[in-house]
Amino acid sequence: MNSVEEGDLVARVEGAAGVIRLNRPKAINAVTLEMFRDIEKALDRFEADPAVAVILLEGAGERGLCAGGDIRTLWESSKVNGNLGKILWREEYILNARIKRFPKPYVAFMDGIVMGGGVGLSAHASHRVVTDRTRLAMPEVGLGFFPDVGGTFLLSRSPGEIGTYFGLTGQTMNGPDAIHAKFADVVVPAVKLPELREALTKVGQGATAADVSKLINGFATGETAGPVAAKEPVIDALFGFDRMEDIVAALKRDGSEFALTTLKTLGEKSPRGMVVTLKLLRLARTASSLEECLVREYRAALEVFRSDDFREGVRAAVIDKDRNPTWSPPRIEDVTPQMLAPYLAEIGADELKFN
């Protein structure tokens, strides 16, 4: 076994598997720029190594695969007009696209908490394993942001308006709902992960995606839909609009307990973040590729990085933890087309490009 211990990221070959372990358990494995760079290096090595038949992504500790990006550091850079957002998101989004087209089977263990940047590292994998402990979410609208890392691509491909619902509310999916929303492929009980992991290290050289699927399916429960999937007809009726004002009006008209709870949730989110998110989700529906969505997300992310809403959202959720952000503007009706335009505008030399 050759091993490279890399602190926050462990990348090593175990049998037939190139294992990538996010290794910041105290921070629920929140990913930093250096970790993204180390993952790129690991993928370079594993792609070139004929002994590596399969990639395995996992998180250290008991709490989850990954709680997202290292938001605090981004916040600090944003406050001083730094350029960390431009650098980190560029490298992260290029990595997200690489994972989707990686030539060897790439298995992600999406156990426990999987959010934001953790979704970007796992939900584009060829084999996505959730468990009975999975809590998956794209909660970015609560930070004055939007579901990035290809989140608009994934959410726009969920059935009906399920993706619109999850993207705007930031609500959590359990394992079966993640499968229904097309963020994952199979549920494997968490207690069986060590056994599955062992089996993956023993797959034959040149194992195909079909071989790996067959192996994983031997451990799967067969569940494919959770509690949110059961509400799909209601969600489709309430979220099938292209303007936030119309979604809010539909929820008010409906008046059911679900609608009122959802209204309360939306009331806590950034109005600008929701309007940007809905626009990006609708544009993503006609996108021909993940890359097309990532280019759009990158333009919007750079605009978010400059915005008071992002700094205020992170302050309220992560820094001061008072959960009481003051959004600008404070109401959905006050988000004008002129405010929206810069999030969608081309950015010339800064455009995201893929190799």
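Helices here are DSSP runs of H or I with at least four residues, numbered from the N terminus. The model shown in these views is predicted.

**View 1. Leu88 in helix α3.** Helix α3 spans residues 84-100 and holds Leu88. Leu88 has a relative accessibility of 6%, and because buried means under 20%, this residue counts as buried. Leaving aside residues up to four places away in sequence, Leu88 touches Thr32, Leu33, Phe36 and Leu74. Leu33 lies 55 residues from Leu88 along the chain, yet their C-alpha atoms are separated by 5.6 Å.

**View 2. The largest nonpolar core.** This core has 99 residues, of which Leu22, Phe183 and Met244 touch the most other members. The element that gives the most to this core is helix α14 (residues 290-305), with 10 residues. A second, separate core has 19 residues, among them Ala17, Leu200, Val203 and Val212.

**View 3. Surroundings of Met244.** With residues up to four places away in sequence not counted, Met244 touches Leu168, Leu266, Met274, Val275, Leu278 and Ile332.

**View 4. Contact of helix α6 with helix α10.** The axes of α6 (residues 162-169) and α10 (residues 232-239) come within 8 Å and cross at roughly 70°. The two helices are therefore roughly perpendicular. On the α6 side, the contact is made by Ile162, Thr164, Tyr165, Leu168 and Thr169. Helix α10 contributes Glu232, Ile235, Asp236 and Phe239. By class, the residues of this contact are five nonpolar, two polar and two charged.

Technical notes:
Residues are numbered from 1 along each chain as its sequence is written. This is a predicted model: local features need pLDDT of at least 70, side-chain atom pairs count only at pLDDT 80 or more; totals for chains, interfaces and linings use all residues. Side-chain values use heavy atoms; hydrogens and water are left out. A nonpolar core is a set of buried Ala, Val, Leu, Ile, Met, Phe, Trp, Tyr and Cys residues joined through side-chain atoms within 4.5 Å. Buried means under 20% relative accessible area, exposed over 50%, partly exposed in between (1.4 Å probe, protein chains only). Contact means heavy atoms within 4.5 Å. Axes are lines fitted to C-alpha atoms, for helices over the stretch in contact, and angles run from 0 to 180 degrees between N-to-C directions. Angles under 35 degrees count as roughly parallel, over 145 as roughly antiparallel, 65 to 115 as roughly perpendicular and the rest as oblique. Ala, Val, Leu, Ile, Met, Phe, Trp, Tyr, Cys and Pro count as nonpolar, Asp, Glu, Lys and Arg as charged, and the others, Gly among them, as polar.
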